[in-house]
Amino acid sequence: MGSGELEPGQALPPMRELAERLGVNPNTVAAAYRTLRERGVIETAGRRGSRVRPTPATTGREFIRVEVPEGARDVSDGNPDPALLPALGPVFAAAAERGDREPVLYGARPVDPELERLARDGMDADGVPAGPVAVTSGSLDAMERVLGAHLKPGDAVAVEDPGWGSLLDLVPALGLRAVPVGVDDDGPLPDDVRRALETGARCLVVTDRAQNPTGAALSATRARALRAVLRGHPRPC
């Protein structure tokens with residue numbers, strides 16, 4: 001649907017038919033359809049079957065074409081200049097050699113002890129409360145895990161406006177509602193955060209460094225102000 005192969009309003013095949021076509025159990029297809037309904041991508045109308053919603057919650061933002069004006073620099077893909085990146089060949093070679101000597105097998109610790117120690121030291125220095133360390137495939141994966149664990153479809157999430165496009169896509173894809181919160185050079189505006197929480201937002205997503213797209217960094221003063229607001233609303237994740 002995000003790629004445009006299925007159009008808004010297009011009917012989906014019956015679950016048993018699709019299960020037979022894919023060679024999977026009908027329960028697997030039923031679970032997939034249920035997830036799509038919860039995330040606002042499809043709708044089901046009894047015997048009339050399921051179809052793509054006229055306005056799907058997922059936007060397929062990467063497929064939206066934006067014309068860059070002449071003389072402007074396009075930084076929308078977020079990629080750094082490869083010339084500024086360190087050479088990774090020797091690092092990968094060393095990791096591969098260690099993997100040959102000490103293969104990771106079932107039952108092994110999920111996080112490398114040395115990596116966990118380094119991560120915990122860094123978080124301690126930043127004042128992050130003590131707790132287990134989990135490794136995720138990037139910040140978006142981490143946010144999806146947190147939102148999925150603490151919220152249910154229909155809940156509201158306070159997000160920075162303007163904010164990171166991938167997060168703005170993730171929120172509706174999980175069946176959640178985005179509540180915009182203004183930002184300035186010091187981070188999210190406390191009054192906006194308070195209003196969002198008072199209107200039902202159960203979670204606030206804050207970018208502490210290199211906010212996308214403004215580049216702002218959360219100041220110590222603003223962080224204290226946001227903590228004061230959040231202390232009055234213990235429900236958010």
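Q: What is the strand order of the open sheet of four strands?
A: In this predicted model, the open sheet has four strands with mixed pairing. Reading across it, the order is β5-β4-β3-β6.

Q: Which strands stand at the edges of that sheet, each with a single partner strand?
A: An edge strand has a single partner, so one side of it is left without a neighbour in the sheet. That applies to two strands here: β5 (187–188) and β6 (201–204).

Q: Over how many bridges do β3 and β4 pair?
A: Here the partner is strand β4, residues 177–184. V157 stands opposite A178 in β4. The two strands pair in the parallel sense, and the count of bridges is six.

Q: How many of the six residues of β3 are buried?
A: Buried means under 20% relative accessible area. By that cut-off β3 is mostly covered, and the number of its residues that are buried is five.

Q: How many of the nine residues of α6 are buried, and which are they?
A: Helix α6 is largely enclosed by the rest of the structure, because seven of its nine residues are buried. These buried residues pack against α5, β3 and β4. By name, they are G165, L167, D169, L170, V171, P172 and A173.

Q: Is the crossing of α5 and α6 left-handed or right-handed, and how many residues of their contact are nonpolar?
A: The crossing of α5 and α6 is right-handed. Helix α5 contributes L140, M143, E144 and L147 to the contact, while α6 contributes S166, L167 and L170. Alongside one polar and one charged residue, the number of nonpolar residues is five.

Q: How are α1 and α2 oriented to each other?
A: Now to another helix pair, α1 (residues 15–22) and α2 (residues 26–38). Their axes come within 8 Å and cross at roughly 120 degrees. The two helices are therefore oblique.

Q: Which residues of α1 and α2 make the contact, and how many of them are charged?
A: Helix α1 passes α2 in a right-handed crossing. The contact is made by M15, R16, L18 and A19 of α1 together with P26, V29, A30 and Y33 of α2. Seven of these contact residues are nonpolar and no residue is polar, while the number charged is one.

Q: Does R222 count as buried or exposed?
A: R222 sits in helix α8, residues 220–231. Leaving aside residues up to four places away in sequence, R222 touches D184, D186, G187, P188, L189 and P190. Its relative accessibility is 12%, and the cut-off is under 20%, so R222 counts as buried.

Notes. Residues numbered from 1 in each chain as written. Predicted model: local features only at pLDDT ≥ 70, side-chain atom pairs only at ≥ 80, totals over all residues. Heavy atoms only, no water. Left-handed = near helix turned anticlockwise from the far one by under 90°. Contact = heavy atoms within 4.5 Å. Nonpolar A, V, L, I, M, F, W, Y, C, P; charged D, E, K, R; others polar. Pairing = 2+ DSSP bridges. Buried < 20%, exposed > 50% of the residue type's maximum accessible area, 1.4 Å probe, protein only. Axes fitted to C-alpha atoms, helices over the stretch in contact; angles between N-to-C directions. Parallel < 35°, antiparallel > 145°, perpendicular 65-115°, else oblique.
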